[in-house]
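Here are some comments for a reader who is meeting this structure for the first time. Please keep the sequence and the 3D view open while going through the numbered points.

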Amino acid sequence: MMLSIKNLKAQVEGKEIIKGLDLQVGPGEVHAIMGPNGSGKSTLAHILAGRDGYDVTDGEILFEGRSLIGLAPEERASRGIFLAFQYPVELPGVNNTHFLKEALNAQRKARGEPELDSVAFLKLIREKLAMVSMSPELLKRPVNAGFSGGEKKRNEILQMALLEPRLAILDETDSGLDIDALKTVSDGVNALRSPDRSVILVTHYQRLLDYIQPDFVHVLAGGRIVRSGDKGLAKELEAKGYGWLSGQDEAA
Amino acid sequence: MSSDTQTQHDVQEILRLGQQRMARVMPDTDWQSATRKRGTAGVATMARPDRKQEAWRYTPLGFLDQAEFQPIVEGPFDALQLSDIDDLMLTDPPRIRLVFVNGYLASGLCAMAKSADGVTLSSLAGGLGEVPAMLRQQLDAIAEHNHVFAALNSALMSDGALIHLAAGVHLDGPIEILHVSVGLEQPGICHPRHLIVLEDGARAEVIERYCGLGDGAYFTNALIEVSLGSDSELLHQRMQEESPHAQHLSDLQVHLGARSLYRLTLAALGGAWSRNDVRVTFGGEGATAELDGLMLARDRQFNDVHLDVRHEVPHCTSRETFKGILDGSGRVVFDGHIVVARDAQKTDAVLSNRNLMLARSAEVDTKPQLEIYADDVKCSHGTTVGELDPDMLFYLRSRGIPADQAKQMLCQGFAQEVFDTMASQALRARAGQLLASRLLTSTPEQGER
Ligand SMILES: Nc1ncnc2c1ncn2[C@@H]1O[C@H](COP(=O)(O)OP(=O)(O)OP(=O)(O)O)[C@@H](O)[C@H]1O
Ligand SMILES: [Mg+2]
């Protein structure tokens with residue numbers, strides 16, 4: 001398994017948000033996670049990326065066979081976990097190119113690989129930039145500062161393309177994108193797909209799943225995966241909403 | 001706290017020793033004697049500031065009791081060579097550079113590219129030849145003795161750059177005033193005195209730096225007068241990078257003519273104790289002052305900025321944007337005082353002070369004050385004191401950047417917005433590097449991960 005989550009329970013400020021969640025992601029697989037607002041999707045994504053402030057009270061998270069619990073976010077990143085944020089953070093004064101280079105080299109260093117010099121890095125970033133059709137101008141600016149919503153999302157995908165993670169978690173990367181941007185983002189994800197890389201897509205919209213065909217679709221509600229299926233499930237949700245599932249949830 | 005008579009004694013003693021020495025070595029400098037007399041009289045009547053004075057309330061002066069500052073006599077540093085100050089040079093050294101070592105012009109270290117007609121470079125102690133009349137007349141024209149140290153500077157002025165641009169002259173590239181202080185066996189005090197005069201329509205860029213060579217103790221007590229004629233423009237970039245044991249006091253006094261533009265970037269990064277007073281007086285309508293500053297106070301560092309911006313005439317604009325970075329037991333004091341006189345209608349002033357606390361043990365006293373007597377103005381101020389944003393930290397770390405480096409990058413980013421207002425790319429780079437190296441050597445704090 002690439003990622004194996006068993007009976008995960010987690011709290012934020014004393015309030016239980018994740019309430020016994022199970023999820024298995026195999027190498028090369030794409031999993032979509034859908035679910036109502038406030039059901040815990042971003043919380044799960046943040047827990048996987050190692051954000052402070054979440055208290056894991058029960059269960060386990062194994063990434064490539066090793067527990068993630070207690071690992072610093074930077075260690076997880078170097079092991080290949082990448083989170084595309086639902087709300088990318090603005091970093092005033094921190095130059096985007098500098099940021100990207102430091103991130104890549106920090107990961108390479110942590111993995112014992114040689115760091116890239118400026119020339120090699122610029123060559124690489126230019127390729128990736130073209131891949132996500134992002135304006136080179138955005139590299140000269142502070143990270144995400146004053147970027148439009150779509151530009152921020154593209155910048156996330158640029159980082160993903162550059163860092164080539166083994167497990168990419170995209171938290172609503174499709175929200176707020178125009179059709180062209182959606183296509184670009186999807187191309188970026190599809191380019192990354194390979195037998196040894198996995199993707200978790202958190203989304204509210206079926207449309208993204210037309211571009212990135214998922215192997216599995218899950219519904220997260222009330223802090224648990226309440227239903228799993230193939231891409232047909234997403235179609236069903238689009239037609240029926242979540243109401244019919246939460247009833248079942250109550251009964252379970 | 002010691003008694004008034006005793007504390008007063010320190011400053012008097014500095015004056016007495018300074019005058020003794022001056023009587024021995026100074027050439028006959030008739031044209032400066034009025035200034036010196038005014039300074040001497042000032043010292044005699046002014047007490048050493050104490051906490052009862054509002055402007056000095058948060059400024060500790062205990063170091064005056066601990067060291068007996070000696071007037072600096074030219075000595076071994078005469079022999080300083082360019083290679084000795086290699087590390088202090090900007091990567092793209094300005095073609096005009098006036099270097100002062102322990103307060104005195106070191107002609108061997110200066111660079112004096114031929115500049116445009118109408119540019120006059122001179123020095124107070126005459127090291128660059130006879131001081132022209134127009135500079136003599138301007139000396140001390142705008143300096144106020146708002147505290148005893150300013151008076152002390154007038155009484156004991158050691159040496160300094162005198163810069164004059166005739167009307168309409170545009171200078172290409174910056175003039176650099178570089179101070180190098182070498183710690184001596186006995187901590188010394190020097191009193192640099194600079195004068196920058198831009199006549200109507202002139203334009204110049206000045207870089208002013210105070211550096212320490214090694215980590216000796218000394219006290220720099222500088223006073224800078226800046227006079228801008230109508231429609232003139234000065235980019236003034238100042239960097240305080242004194243040695244970690246130094247005391248640095250700068251009193252910058254600026255007078256702005258109509259429609260002139262004054263842009264100041266102050267990066268106060270070094271020293272154990274640092275205080276920068278900046279007084280800007282609007283003397284003609286339509287002028288603009290943009291003042292930006294960064295104050296660094298690492299463990300045991302004290303860094304103080306006092307602004308006194310006087311909007312005395314209508315239709316002037318001022319922007320005051322100052323930031324502090326504090327760590328360990330560092331202390332920042334920011335006192336931003338803007339007065340808008342009754343006649344100064346249509347004044348537009350925005351004052352801001354933001355402070356980044358890297359440790360809970362650090363301390364900041366920030367006091368923005370808008371004193372407004374006119375009724376048709378646009379003025380505002382804001383101050384913040386905060387820690388590093390955990391969302392920003394997490395974002396960086398989630399990309400693989402280790403926590404310490406992430407903190408460093410965010411501090412750097414916070415400061416970069418100030419450094420970016422410097423016209424000189426080389427200076428911007430140096431400021432960034434200095435900050436990075438100083439943050440790196442910071443004492444680690446009770447870290448919250
Ligand atoms: N720091 C916090 N303090 C208190 N409650 C929190 C905190 N973070 C998240 N929550 C709560 O946890 C629940 C799950 O939030 P989460 O952001 O994971 O939802 P989501 O499924 O991603 O929703 P959406 O689809 O709107 O993005 C919400 O009720 C939210 O208010
Ligand atoms: Mg969410």
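**Notes on the structure**

1. A:Ser78 has its place in helix H2 of chain A. As this is a predicted model, each distance below should be read as a value computed from modelled atoms. With a relative accessibility of 10%, A:Ser78 counts as buried, because the cut-off for that word is under 20% relative accessible area. The side chain of A:Ser78 reaches the backbone oxygen of A:Glu74 at 3.0 Å. When neighbours within four places in sequence are left aside, A:Ser78 is in contact with A:Ala106, A:Gln107, A:Ala110 and A:Arg111.

2. Is A:Lys128 buried or exposed? Its relative accessible area is 11%, and A:Lys128 is therefore buried under the cut-off of 20%. Not counting residues up to four places away in sequence, A:Lys128 touches A:Leu158, A:Ala161, A:Leu162 and A:Glu164, and the side chain of A:Lys128 reaches the backbone oxygen of A:Ala161 at 3.3 Å. As for its position relative to A:Gly35, the two residues are 93 residues apart along the chain, and their C-alpha atoms are separated by 32 Å.

3. Ligand 1 is surrounded by 15 residues, and the closest are A:Ile17, A:Gly38, A:Lys41, A:Ser42 and A:Thr43. The residues of this shell divide into 3 nonpolar, 8 polar and 4 charged. Strand S2 (15-25) and H1 of chain A each supply at least two residues of the shell, and the largest share, 3 residues, comes from H1 of chain A.

4. Several polar contacts of ligand 1 can be followed atom by atom. A backbone N or O atom of A:Gly40 lies 3.0 Å from an oxygen atom of ligand 1, and a polar backbone atom of A:Ser39 is 3.2 Å from an oxygen atom of ligand 1. An N or O atom in the side chain of A:Gln86 is likewise 3.2 Å from an oxygen atom of ligand 1. Taken alone, ligand 1 exposes 640 Å², and the protein buries 66% of that.

5. Finally, helix H6 (residues 390-397) of chain B is mostly covered, with 6 of its 8 residues buried. The buried residues are B:Met392, B:Leu393, B:Phe394, B:Tyr395, B:Leu396 and B:Arg397. What covers these buried residues includes H1, helix H2 (73-79), H3 and helix H6 (149-163) of chain A, together with helix H7 (403-419) of chain B. At the start of H6 of chain B, a side-chain oxygen of B:Asp389 reaches to within 2.8 Å of the backbone nitrogen of B:Asp391.

Conventions:
Residues numbered from 1 in each chain as written. Chains lettered and ligands numbered in written order. Predicted model: local features only at pLDDT ≥ 70, side-chain atom pairs only at ≥ 80, totals over all residues. Heavy atoms only, no water. Near = heavy atom within 4 Å. Polar contact = N/O pair within 3.5 Å; in protein donor to acceptor, adjacent residues only side chain to side chain. Areas by Shrake-Rupley, 256 points an atom, 1.4 Å probe, with all protein chains shown as cover. Helix = DSSP H or I, 4+ residues; strand = E, 2+ residues; numbered from the N terminus. Nonpolar A, V, L, I, M, F, W, Y, C, P; charged D, E, K, R; others polar. Buried < 20%, exposed > 50% of the residue type's maximum accessible area, 1.4 Å probe, protein only. Contact = heavy atoms within 4.5 Å.
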